[in-house]
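Hi,

Here is the structure for you to look at. My notes follow below it.

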Amino acid sequence: MKFKQAITLSSIGVFAYMLADTFHEVLGHGGTCLLLGDKINLLTSVYFKSSSGSFITDIGGPISNLLFGLLLYLFVLMRKDLSALLAFLLFTLMSYNLFWFSGTILQSSFSKTGDWTYLIQQFNIGTFAKPLLIITGIVAYVFSIKLVTVILNKIRIHFPEFPLRQSILCSWFAAASAAVIAGLFFSNDRIHAAFEGLMEMIASLPIIFISIKEKIKFTNYKMRTYFIFNLSVFLLFIFFCFTLGRGIGKV
């Protein structure tokens, strides 16, 4: 029974990763690029290139994560009839989106190709650019952690075989593994793409250390074996690897 629950929790993590990545790369970068009338040259799970560089396209990815994260926060906050599995999935997806947004800001403070790098260059801030990105990134993380903590302590899920923190760790580890595997499908630079995928999930690492109000009496749920859900996620991940993982377009 515990193994079957671990599979379902892992599927939730992988599914949340794929959705967060799609929000960032496809809807965020890709959608913004098309709205600006530019051409997408390369679209993968970790890389995006267009015919005409624009800081609006660059920040489209993280802004998309932020917006979806906030929408999920409001949705879960207002709903009281969510099933345990759906509540945990939405919590995980919300967390990945908010933390990816925050992580891209910090990443841009030391990367020459970060999503926010071009935007900062446009304002000619000079030596203040790096400290500004670091401070903004920290503030974004504090804000995200606050929202994630509120939702985590609202849903108060405790699966019979898995404590809540262990459930979060299980789903995150599966998501991180999926990000690395998807990156390995990018034949032009497998190792670096896999590393970039891992860094995306490391941005979400704070989810593991979120404070849980242990004194609150959790409602116990009997998690059934969700065979169709697990199989669907597995098939979607294969499709994901051979599309976004492999890359659409050319460098």
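Helices here are DSSP runs of H or I with at least four residues, numbered from the N terminus. Please keep in mind that this is a predicted model.

**Helix H8 and what follows**
H8 covers residues 227-245. Its buried residues are Asn230, Val233, Phe237, Phe240, Cys241, Leu244 and Gly245. An α-helix has 3.6 residues a turn, so residues three or four places apart point the same way. The buried residues of H8 pack against helices H1 (2-35) and H6 (164-184), and also against strands E1 and E5. After H8 comes Gly247, with a positive phi near 105°.

**The sheet**
E1 and E5 belong to an open sheet of 3 strands. The order is E2-E1-E5, and the pairing is antiparallel. E2 (48-50) and E5 (248-249) are the edge strands; each has a single partner strand, so one side of each has no neighbour in the sheet. E1 (residues 40-43) pairs with E5 over 2 bridges. Leu42 sits opposite Gly249 of E5.

**The largest pocket**
How much space lies in the largest pocket? About 990 Å³. Its lining has 35 residues. Val46, Gln107, Thr113, Gly114 and Asp115 lie nearest the centre. At least two lining residues come from each of H1, E2, H2 (55-78), H3 (84-108), H4 (117-122) and H7 (190-202). H7 gives the most, with 6 residues. By type, the lining divides into 12 nonpolar, 16 polar and 7 charged residues.

Best wishes

Technical notes. Residues numbered from 1 in each chain as written. Predicted model: local features only at pLDDT ≥ 70, side-chain atom pairs only at ≥ 80, totals over all residues. Heavy atoms only, no water. Pairing = 2+ DSSP bridges. Buried < 20%, exposed > 50% of the residue type's maximum accessible area, 1.4 Å probe, protein only. Contact = heavy atoms within 4.5 Å. 1 Å grid on protein atoms, 1.4 Å probe; cavity = no way out; pocket = protein on both sides within 12 Å on 5 of 7 lines; lining within 4 Å. Points joined across faces, edges and corners; volume = space filled by probe spheres on them. Nonpolar A, V, L, I, M, F, W, Y, C, P; charged D, E, K, R; others polar.
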